[in-house]
Amino acid sequence: MVFKYYKMDEDLDRTRVQGDFAVIGSEFVNFISTLITCRIINKAQKSEVLKEMSYGEMMDDLSSAWRMTDAPLNVPASSDDGYWVHTLNTVMETLEKLGLSVPAAKPEPKKKGRKPKVKEQSETTPRRPRGRPRKVIVSQNN
């Protein structure tokens with residue numbers, strides 16, 4: 001009834017090619033696709049993906065991302081789980097920003113410089129004080 005009212009409100013005429021139900025169905029599909037597109041755009045704007053690329057480029061990248069059908073459904077999709085097929089790293093980054101894939105755990109950064117030498121027991125003795133030794137004045141009264 002809502003779409004029948006929508007058709008009458010939009011003054012859609014009888015085209016004699018399509019019946020009422022065909023026009024209602026077409027408008028229903030247009031309405032649903034508009035809602036989905038708006039949700040995709042809002043999600044992309046919140047995750048700031050559209051600052052790096054256009055909507056068309058984003059959709060083109062996302063259309064190249066394929067997930068195997070035997071992937072587990074009860075576990076969230078992860079970037080390193082092996083169920084993605086021929087997906088580029090840039091596409092995986094986009095999927096991660098949009099929240100469609102959980103990012104892979106990155107290893108901790110290595111510390112800069114050399115590793116300290118392992119000290120032996122003989123090296124654990126106290127070191128002599130740094131610098132030049134002071135002169136000791138010996139009294140000559142002895």
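The protein exposes about 13,600 Å², and carbon and sulfur atoms supply 56% of this area; accessible areas come from the Shrake-Rupley method with a 1.4 Å probe, and for residues only the protein chains shown count as cover. The model is a predicted one, in which local features need pLDDT of at least 70 and side-chain atom pairs count only at pLDDT 80 or more, while totals for chains, interfaces and linings use all residues. Residues are numbered from 1 along each chain as its sequence is written, and side-chain values use heavy atoms, with hydrogens and water left out.

Confidence comes next. The average pLDDT (the predictor's confidence in each residue, from 0 to 100) is 79, and 81% of the residues score at least 70. Where pLDDT is low, the predicted coordinates should not be read in detail.

Four helices and two strands make up the secondary structure, in the order α-α-α-β-β-α along the sequence. Helices (H or I, at least four residues) and strands (E, at least two) are DSSP runs, numbered from the N terminus. Of the 142 residues, 16% count as buried, where buried means under 20% relative accessible area, exposed over 50% and partly exposed in between, with a 1.4 Å probe and protein chains only. Contact is taken as heavy atoms within 4.5 Å; among contacts between residues at least 6 apart in sequence, 34% join residues at least 24 apart.

After the helix comes Gly 99, with a positive phi near 85°.

The largest nonpolar core contains twelve residues, among them Ala 44, Val 49, Met 53, Leu 62, Trp 84 and Leu 95. Such a core is a set of buried Ala, Val, Leu, Ile, Met, Phe, Trp, Tyr and Cys residues joined through side-chain atoms within 4.5 Å. Helix 3 (55-63) and helix 4 are the elements that give two or more residues to this core, and helix 4 supplies the largest share, four residues.

Thr 94 belongs to helix 4 and is buried, with a relative accessible area of 5%. Leaving aside neighbours within four places in sequence, Thr 94 is in contact with Val 49, Met 53, Met 58 and Leu 62.

The loop between strand 1 and strand 2 holds Ser 79, which is buried at a relative accessible area of 19%. The side chains of Ser 79 and Ser 101 make a polar contact (3.0 Å); a polar contact is a pair of N or O atoms within 3.5 Å, where within protein one must be able to donate a hydrogen and the other to accept it, and residues adjacent in sequence count only if both atoms are side-chain atoms. Not counting residues up to four places away in sequence, Ser 79 touches several residues, including Trp 84, Met 92 and Glu 96. Gly 82, in the loop between strand 1 (66-67) and strand 2 (84-85), is exposed, with a relative accessible area of 54%.
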